[in-house]
Amino acid sequence: MAGTPSVAEALAERIAALHTARLPPEVHETCERLLLDVIGLCLVARHTDYVRAALSAWSADPGTATAIGHPGQLGAAAAAFVNGTAAHGEDFDDTFEGGPVHAGAVIVPAVLAIAEQERRNGASALLGVAVGVETICRLSLVVPKAVHKAGFHPTAVFGALAAAAGAGATLGLRPRQIVDALGVAGSMAGGIIEYLAEGTWTKRMHPGWAAQSGLRAALLGRAGFSGPRTVFEGVHGLFAGFAHTREGKFDALLDGFGERWVMTDLAFKPYPCGTMIQPYVDCARRLGRGLAPQDVVEVVARVAEGTVHRLWEPLAEKQHPPNGYAAKFSAPWCIAAAMIRDSLGLDAFADAAVADLQVGALAAKVRYEIDPENPYPFEFTGHLRVRLAGGAVLDERQPHLRGGAREPLTRADLEEKLRGNARAGGWPDDRVAGALAVAHGLWDGAVDLSVLRGPR
């Protein structure tokens, strides 16, 4: 069309120009690490109530795609939804600092499902994961914090369009088809953060819904179903609707796309809880060693203002979360549990564990102060001060997110995380090697996930 290209048109041209052979080694490595993490996360959640419910709801959608850890096959949209929901269900998945958004739980399920359905090879799937992950990360930088502030979950909002981009790259769509796919996906985006009120399951399904939405949008775009070219910057576009502004920095999305990759800074979580809490957990573990909880008068966390409404308020409710899932987004409870347990694994978020009276008593002593110098969302840091009964004050800081770009988890760490998640999900030990082999070799041949199916 004549005139200045829209943001979606400029993005589509960049996506269509990419080829797997042009992906740098560090991008290839990040995609493999994401696959490794997502497989383990799907396995750990395979017997949970929320995954059972997701499977039941999509059981009438037969096809050729894999719900990881489950027997049989599903339609592509169903598999994308189930795997996306499972991968994010324990809040143990990757995070992109700067957004923040969860990339792998949206993009990997969408791309694997479309690749299985359309019989695309591993090279096409690799390109799709790279494109989709880069897109969601860059979208989160256009207006940082604004989507969360407006009451929406950025992973859910940006994930639908990023999944459309990733699935479109896997399918080899032309630029016009990608534009239509992005435009269609804009009407599928959503995800309110009211799950914070009672610790309900809706956040868990946000990546799954975004994954299947993007997949369907890519197929609609391929079929010629038109979508608005101005889906991003329009008067009623994505950012106007979900960030309440049209003044985004769209160069953060477009400049250097396919040449300078921001996705290689993805962080992989050491703890199954909210990402912004994790540096405080590290501080709490160090402070708690050799410390009697009854000697603590108060714990003060210095925090970023942008995290308060999700992790700290209402404070009395956050100090006493109603269930294990709500505890994952309660900074006071996570800090107290880490001080007492010196660990914060999956077992810490069982409903019975959240009822621990000792942890609850300490959580009631944890409060926050706003630190105007906190660099969130571009860096996640931690800072705790503990005042003891004798008057002593202990101070502990964490300058960065462990598992992030400045202190990444190793390949061995991620492999052990997969093994631990597989064991926790009841996956047979003799089948773990097959899961690892898929993660290490999928991009080099056919997309064959059969070893990840079943048993019951």
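Which residue's side chain meets that of E379 in a salt bridge? The partner is R406, with an N to O distance of 2.7 Å. A salt bridge is defined here as a side-chain nitrogen of Lys or Arg within 4 Å of a carboxyl oxygen of Asp or Glu. The structure is a predicted model, in which local features need pLDDT of at least 70 and side-chain atom pairs count only at pLDDT 80 or more, while totals for chains, interfaces and linings use all residues. Residues are numbered from 1 along each chain as its sequence is written, and side-chain values use heavy atoms, with hydrogens and water left out.

Helices (H or I, at least four residues) and strands (E, at least two) are DSSP runs, numbered from the N terminus. Accessibility is classed as buried under 20% relative accessible area, exposed over 50% and partly exposed in between (1.4 Å probe, protein chains only). On this scale E379 is partly exposed at 31%, and R406 is exposed at 55%.

The salt-bridge count comes to 29. Another of these pairs is D91 with K269, whose side chains meet at 2.8 Å, N to O. This pair links distant parts of the chain, 178 residues apart: D91 is in the loop between helix 4 (76–89) and helix 5 (104–118), and K269 is in the loop between helix 12 (251–254) and helix 13 (278–288). D91 is buried, with a relative accessibility of 1%, and K269 is buried as well, at 3%. An α-helix has 3.6 residues a turn, so residues three or four places apart point the same way. E416 is partly exposed at 39% relative accessibility, and R419 is partly exposed at 29%. A network of salt bridges links E298, R302, R367, E369, D371 and R387.

Helix packing was examined next. Two packed helices are described by the angle between their axes and the distance between the axes. Axes are lines fitted to C-alpha atoms, for helices over the stretch in contact, and angles run from 0 to 180 degrees between N-to-C directions. The axes of helix 4 and helix 10 (residues 202–222) come within 7 Å and cross at roughly 150°. The two helices are therefore roughly antiparallel (angle over 145 degrees). Their crossing is right-handed, meaning that the near helix is turned clockwise from the far one by less than a right angle. Contact (heavy atoms within 4.5 Å) involves, among others, A80, F81 and G84 of helix 4 and M205, W209 and L215 of helix 10. The residues of this contact divide into nine nonpolar, six polar and three charged. In this classification Ala, Val, Leu, Ile, Met, Phe, Trp, Tyr, Cys and Pro count as nonpolar, Asp, Glu, Lys and Arg as charged, and the others, Gly among them, as polar.

R204 is found in helix 10 and is buried at 7% relative accessibility. Not counting residues up to four places away in sequence, R204 touches Y50, G84, T85, H88, G89, E90 and Y325.

Helix 2 (residues 25–44) and helix 21 (residues 432–441) pack at an angle of about 155°, with their axes 8 Å apart. These helices are likewise roughly antiparallel, and helix 2 passes helix 21 in a right-handed crossing. E32, L35, L36 and I39 of helix 2 meet A435, L436, V438, A439 and H440 of helix 21. By class, this contact has seven nonpolar residues, one polar and one charged.

Helix 13 is mostly covered, with nine of its eleven residues buried. Its buried residues, including Y280, V281 and L287, pack against strand 1 (296–303), helix 17 (331–341), strand 3 and strand 4. Helix 13 is followed by G290, which has a positive phi near 80°.

V300 is placed in strand 1 and is buried at 7% relative accessible area. Leaving aside residues up to four places away in sequence, V300 touches R367, E369, H383, L384 and R385.

Conventions: Angles under 35 degrees count as roughly parallel, over 145 as roughly antiparallel, 65 to 115 as roughly perpendicular and the rest as oblique.
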